[in-house]
Amino acid sequence: MKITPGGVVAAEWTKFSSLRSTWITTGISVLLLIVFGTIASASFSGDSLSAVDLALSGSTLAALAVGVLGALLAASEYTTGMIRATLAAVPRRLPVLWSKSLVAGLAALVVMTAGAFAAFALGSAVLNQDVGALGLGDDGVVRALVGAGLYLGLVAVLGVALGMLVRSSAGAIAILAGVLLIVPGLAALLPDAIADAITPYLPSNAGSAVMTLTQGEGTLAPWTGLAVFAGYVVVTLGVAAYRLKKSDA
Amino acid sequence: MIQVREVTKRYGAKTVVDHLSFTAKPGKVTGFLGPNGAGKSTTMRMIVGLDAPNSGDVLVNGKPYASSQAPLHEIGVLLEAKAGHPGRTAVSHLLALARTHGIPRSRVDEVLELAGLSAVAHKRVGAFSLGMGQRLGIAAALLGDPAVVMLDEPVNGLDPEGVLWVRNLLSGLAAEGRTVMLSSHLMSEVSLIAEHLIIVGRGKLLADTTVADLVTAEGVRVVTPAPDALRTLIGGPDVTVTSTGAEELFVTGRTTREIGLAAATRGIPLFELTSQNASLEEAFMDLTRDAVEYEAAR
């Protein structure tokens, strides 16, 4: 009997999968992605958005939902007092954060990648006739769909990091929503010169670059964007790790 | 074995644990006693590394807890009842803890059985009563077959049958050679289980003693119309005189004979002069009187 990295991951998976809220939040995330994508594909007419962009139009809301999933998983440790049992079992502490991130991130990645492909398939089936149909063989389609899964997986990890950092479900969710939804809107209020310079680098804009087929002016290249978003996640994780290690539980 | 060495913990300006040292030894039940707010829970959190002391250190089985390869095998703790996600079932809660150490599912069932929770193993923890929460916490503490078992207020919320169960369980664990430590703010409860007593007040060690030693702290009850005169008469370096009523004194360090003779020389009438074994509860109250953090107005 010994503490092992695999054991800690298995423990975190047990915690993750044994909560009803996990399944509800995951279900809602994937449902938002598919339903919004299908509706947008059927109703949109014009040539500014491609079939893939339409299929993934639920990704903003889905990102919020998977972020909430990660935040709840982490913050509930503190709000329920479970953290004391958790850290008494794993007194080195950091393996808990890595394992939680891994479990939430991988689960979101797998489910949301499948969701993205499902949204694309359904969207293509009902696609408005004014929009050009695309297949998986077309340039950038698979990249955008897989990218959506990767981005949403990273958002779940961001949620975990925020939850461990602020130790409150409401606080973590508020920050998450602020960063993903409100900050881009606020940036638009800045003088144009500044706004144009920073807008592509804002977390949700950078992350979305990987799942947009038609790169507009002022967006980062797909993988650059994802890398920038991953950078935000890594930094947040680092701060969360510092607090977890240094402060009393 | 738990060794707490010169540990101090401050929260802001408030010192919660103040240069506290004690050792809980294997094969014995150690009672950790003190009024509410004495720093018991904080000390227990520091023992398993949840809180870091400002100075001093704590060893569990001779080494810092965090360095252990199998922490759950070193020490099993119950820190508060219902420390678990209310949406998780009892069995998932224990499984999540067990998997960190590769403890098999069969051991989870075993401790559930031991704690009398088999019937509610698949119920959500949120629906548990305080007593069931305590049982689950104790089951979790025993999961890793630990050398040390440390429980914070384990009998809170338990029914009489549960209290008896905890008592027998803990004596049994100590008899197997394990270190057992439990905290309480009630002497009556601890004296039935523990032989070794650590008594704290306002974060300081008040006594490191045994139940037997504490009970033999004898005293004499005196009832007299002139308590002040008698108090001056019998005072001395090793004598303590406490006023327990308008005409009542409680004296330690003098025998009934000495007090009676002293009173006779000055013609002080005595209505009552009885030798008493201070009850454990009284001994505890006396020790902690000055160290009570939250006291009811008198």
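This is a predicted model: local features need pLDDT of at least 70, side-chain atom pairs count only at pLDDT 80 or more; totals for chains, interfaces and linings use all residues.

B:Gly27 counts as partly exposed, because 13 C-beta neighbours fall inside 10 Å. Which residues does B:Gly27 contact, once its neighbours within four places in sequence are left aside? They are B:Ala174 and B:Gly177. By contrast, 38 Å separate the C-alpha atom of B:Gly27 from that of B:Arg221, a residue 194 positions away along the chain.

Two further residues of chain B deserve attention for their backbone geometry. B:Glu6, in strand β1 (residues 2–11) of chain B, has a phi near 50°, which is a positive value in a residue other than glycine. Is B:Glu6 buried or exposed? It counts as exposed, because 12 C-beta neighbours are found inside 10 Å. B:His19 belongs to strand β2 (residues 14–24) of chain B, and its phi is likewise positive, about 45°, although B:His19 is not a glycine. With 14 other C-beta atoms within 10 Å, B:His19 is partly exposed.

I turn now to chain B as a whole. Its secondary structure comprises 11 helices and 13 strands, and its C-alpha trace spans about 75 × 40 × 35 Å along the principal axes. Of its 298 residues, 44% count as buried. If one takes the contacts in chain B between residues at least 6 apart in sequence, 70% of them join residues at least 24 apart. The domain assignment divides the chain into domain 1 (2–210) and domain 2 (218–277).

Next, the interface. Contacts between the chains involve 33 residues of chain B and 28 residues of chain A. On the chain B side, α2 (71–74) and α3 each supply at least two residues, and the largest share, 6 residues, comes from α3(B).

Helix α1 (residues 5–17) of chain A packs with helix α3 (residues 90–100) of chain B at an angle of about 165°, their axes 6 Å apart. Angles over 145 degrees count as roughly antiparallel, and α1(A) is therefore roughly antiparallel to α3(B). The crossing of the two is left-handed. From α1(A), the residues that meet the partner helix include A:Gly7, A:Val8, A:Ala11 and A:Thr14; from α3(B), they include B:Ser92, B:Leu95, B:Ala96 and B:Arg99.

A second pair lies within chain A. Helix α4 (residues 59–80) and helix α8 (residues 169–187) of that chain cross at roughly 155°, and their axes come within 8 Å. These helices, α4(A) and α8(A), are therefore also roughly antiparallel to each other. What is the handedness of the crossing of α4(A) and α8(A)? It is right-handed. Among the residues of α4(A) at this contact are A:Ala63, A:Gly67, A:Ala71 and A:Ala75, and α8(A) contributes, among others, A:Ala172, A:Ile173, A:Leu176 and A:Leu180.

Now to the interior. In soluble globular proteins, nonpolar side chains tend to be buried together. The largest nonpolar core here has 154 residues, of which A:Met112 and B:Leu94 touch the most other members. Helix α7 (residues 141–166) of chain A provides the largest share of this core, 17 residues. Apart from that core lies another, of 9 residues, including B:Val222, B:Leu230, B:Leu249 and B:Ile259. Beyond its neighbours within four places in sequence, A:Met112 is in contact with several residues, among them A:Ser29, A:Leu33, A:Val66, A:Ala148 and A:Leu152.

I close with a loop in chain A. A:Ser45 is located between α2 (20–43) and α3 (51–55) of that chain, and it is exposed, with 9 other C-beta atoms within 10 Å. Where in space does A:Asn128 lie relative to A:Ser45? Their C-alpha atoms are 6.3 Å apart, although 83 residues separate them in sequence. Leaving aside its neighbours within four places in sequence, A:Ser45 contacts A:Asn128, A:Asp130 and A:Val131. Thank you for your attention.

Note on methods:
Residues are numbered from 1 along each chain as its sequence is written. Chains are lettered from A and ligands numbered from 1 in the order in which they are written. A nonpolar core is a set of buried Ala, Val, Leu, Ile, Met, Phe, Trp, Tyr and Cys residues joined through C-beta atoms within 7 Å. A residue is buried if 20 or more other C-beta atoms lie within 10 Å of its own, exposed if 12 or fewer, and partly exposed in between; C-beta atoms are placed from the backbone. Helices (H or I, at least four residues) and strands (E, at least two) are DSSP runs, numbered from the N terminus. Two residues are in contact if their C-beta atoms, placed from the backbone, lie within 7 Å. Domain bounds come from an automatic or database domain assignment. Axes are lines fitted to C-alpha atoms, for helices over the stretch in contact, and angles run from 0 to 180 degrees between N-to-C directions. Angles under 35 degrees count as roughly parallel, over 145 as roughly antiparallel, 65 to 115 as roughly perpendicular and the rest as oblique. A crossing is left-handed if the near helix is turned anticlockwise from the far one by less than a right angle, and right-handed if clockwise.
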